[in-house]
Each structure stands twice: as structure tokens, then as C-alpha cells.
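Here is a short tour of one protein model for someone meeting it for the first time. Have a look at the sequence and structure, then read on.

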Amino acid sequence: MRSIWNGAISFGLVSIPIKLVNATESHSVSFRQIHTEDGGRIRYRKVCELEEREVAQGEIGKAYEDADGTMIPITDDDLASLPIPTAKTIEIEGFVPAEKVDPLQVDAAYYLAPNGVPAAKPYTLLREALKRSGKVAICKFALRGRERLGMLRVVDDVLAMHGLLWPDEIRTTEGVAPDANVTVRDKELDLADALMETLGEVDLNELHDDYREAVEELIAAKASGEEPPTAPAPETGGKVLDLMAALENSVRAAKESRGEDVAGVTPMRTPKEPAGKKSTATAKKSAPSAASASASARKSTSKSSQGARSAQGAKKATEKKSTAKKSATTKSTAKKTPAKKTTPRKRPA
């Protein structure tokens, strides 16, 4: 790794010569700008506005632009002669527990390597002191034209330095939190805890950049004249409005993905059906009504049959009465009708 800065760590009266190297690197796929019509490269040329000509890198310096547009040249020698102790020194200001450093302040990371054999002993001394204390060192250093805040800690057997933002560079959280007063129920918190427990811990070394891999596959396919891979269509599910249902479903999905038993997951509550659809309960209510109607029909039929039988009985009784009446009338008439008197026949003289 190439050194980007040489200096020393000032640990009280102890000076530790070190070399600063970048601890991180970017694996992002970089692109060039081209002219879409013919594929020609688009380049940026550094042109002097006064002479209207392109200038080489060696002719370029730095300057501060004043409010009225005046350029005030600043040379590297001007910056090197500044009366600050951190120009070539990492000045340790004190030691604090690591949890005292706000992660929002953490910026770029560097490794500090001992510069030369004499630096090995004090380097190892500071490293072991930090290990035993469990603390980190807060320091100041100057890099790329400005003084910065830093934090020294031990990574494996190496001293690492994290650049820190100054406290006044961290914005406040005012106006970021939700405006509405939201109440979270204990059951929702229990489900969130269950989801966190199901997802468990993650090994950062197993994570990788899916987007970068997809870009590399795309480039390889185009370079070989093959059809570029297409992304699968995203799953379109119904919008979940119930937070409890969403949490329950998340726990279930997480357990299924890990091959765990999902029997203990509380089933999701059935959402309310929209108006206009008949529910099962309504159908069940309709079924007894049909049964009642059938029973009523049977009762009606029974009553009708009984009525018919009664009518037939009444008719027979009437016929019997009528016949008896006629018989009685006939007898009565026979009794009342007097017998014809026989007139004696006269004999002739």
C-alpha cells in the first residue's frame, strides 16, 4: 500500500514516526462519459480563462476566491509554514471509551505503519496500552490542506486512525422525527422483538455487493455480444395496512427462510371484507331461514291435508244427514197421506 502522508504520533514526550496509508478501497464500477452518436470519449480539459489555452498539471496551483471575485494565491509552502503543531504530527489530545464517539462523526479510515526500525518499540507500546485500557485515543492532524479530528484504535496488531467530523459539522435531528404522536402497543413490540430474534446476527464478511456483480455481468454480456441478463419482475403483493399483520408475516417468512418451524407464529387476522360482498356469516344466517321456510311449508301442507280431510268428513256427514232427512221425510209423508176410501158399488134393481 502506498503511503499518502508521513509524520509522527505525538504521545506525550514520545514521538512515533509513522506512514499513513488508506485502509479502505472502492470496488465500484467506474464509467466514462462518451458521445452517444459515435462513442467518442468526452474529456475535460483544464483551460486558463485569460489565455484561453489548455494548461498542464504542473502549471496549476491553488487560490482562495475572495467575496469580490479576487483570487488570492496560496502555495504549498504557505501551508507548510503555518504555526500549527499538527502540520506533520498526529497530536493525541486524550483517551475516551469507544462508545463515547458518535458513529455519525466517523469519516475515512487509515492504517498507521511504523516508519523505520526505531519506531517499532514506541509503536508497540502505544498499541498495547490502548488494548489494555479498552479506550481509543482522540487526536488532531492536518491532511489535504485542513486540520482534522481523528480517533486511534487497534485493529488486529495495527494502529488504525479514523478521521472524525468536528462536532459542529454534525447536523441536529430537529424536524426529522415524525410529527404525529404515535403510540406503539406492547404486542407490536413483542412481534418486533420476535422478528429481530428470528433474523438474528449477521456476519458482515458474508455480505457482498449484488449491484456491482450485476453490473459486471451486464458488461461481460455486452462485451461478448450476448443478451444482457434481465432483472426478475418484482413481486406485487397487496398493500398491508395492518402493522400487526405485517410483523406476523415477516416473522413467518424469516422462519421459513431459515427452515424453522412456523407453528408458533400467531396467524394473521382476517382483514375486513369490503362492502358489497356477502360474508360466510350471512350465508349461514340465510341457511336457517331456508330451513324455517321449509318447516313452515311442511306445517302448511300438513294443515292443508288436515283441512281437506276435515272437509271430506264434513261432506260425508252432511250427505249422511241429508239421506237420513230424506228417509225421515218419506216416512213422514207416508204416514200423513190418508188411505183412499173404497166406495161400494151399487147393484142394479
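## Strands that pair

Two strands count as paired if DSSP finds at least two bridges between them. Helices (H or I, at least four residues) and strands (E, at least two) are DSSP runs, numbered from the N terminus. With that in hand, look at β1 (residues 5–11) and β2 (residues 14–22): they run antiparallel and share seven bridges. Within that pairing, A8 sits opposite P17 of β2. The hairpin the two strands form has two residues between them, and G12 there takes a positive phi near 65°.

β2 has another partner too: it pairs with β8 (residues 106–114), again antiparallel, over five bridges. Here K19 faces A113 of β8.

## Where the model comes from

This is a predicted model, in which local features need pLDDT of at least 70 and side-chain atom pairs count only at pLDDT 80 or more, while totals for chains, interfaces and linings use all residues. Residues are numbered from 1 along each chain as its sequence is written, and side-chain values use heavy atoms, leaving out hydrogens and water.

## The chain as a whole

The protein chain holds six helices and eleven strands. Of its 349 residues, 17% are buried; buried means under 20% relative accessible area, exposed over 50%, and partly exposed in between (1.4 Å probe, protein chains only).

A contact means heavy atoms within 4.5 Å. Take the contacts between residues at least 6 apart in sequence: 57% of them join residues at least 24 apart.

## Helix α3 and its two sides

How far apart are the end C-alpha atoms of helix α3? They are 20 Å apart, which agrees with the 20 Å that its 14 residues (186–199) should span at 1.5 Å a residue; the expected span is 1.5 Å times one less than the number of residues.

The buried residues of α3 are E188, L191, L195 and T198. Seen down the helix axis, they fall within an arc of 85°, so they line one face of α3; the arc is taken from the directions from the axis to the C-beta atoms. An α-helix has 3.6 residues a turn, so residues three or four places apart point the same way.

These buried residues pack against α5 (243–257), whereas D186, M196 and E197 are exposed on the other side of α3.

## A buried arginine

R127 belongs to helix α2 (residues 120–133) and is buried, at 14% relative accessible area. Leaving out residues up to four places away in sequence, R127 touches V154, D157, V158 and L159.
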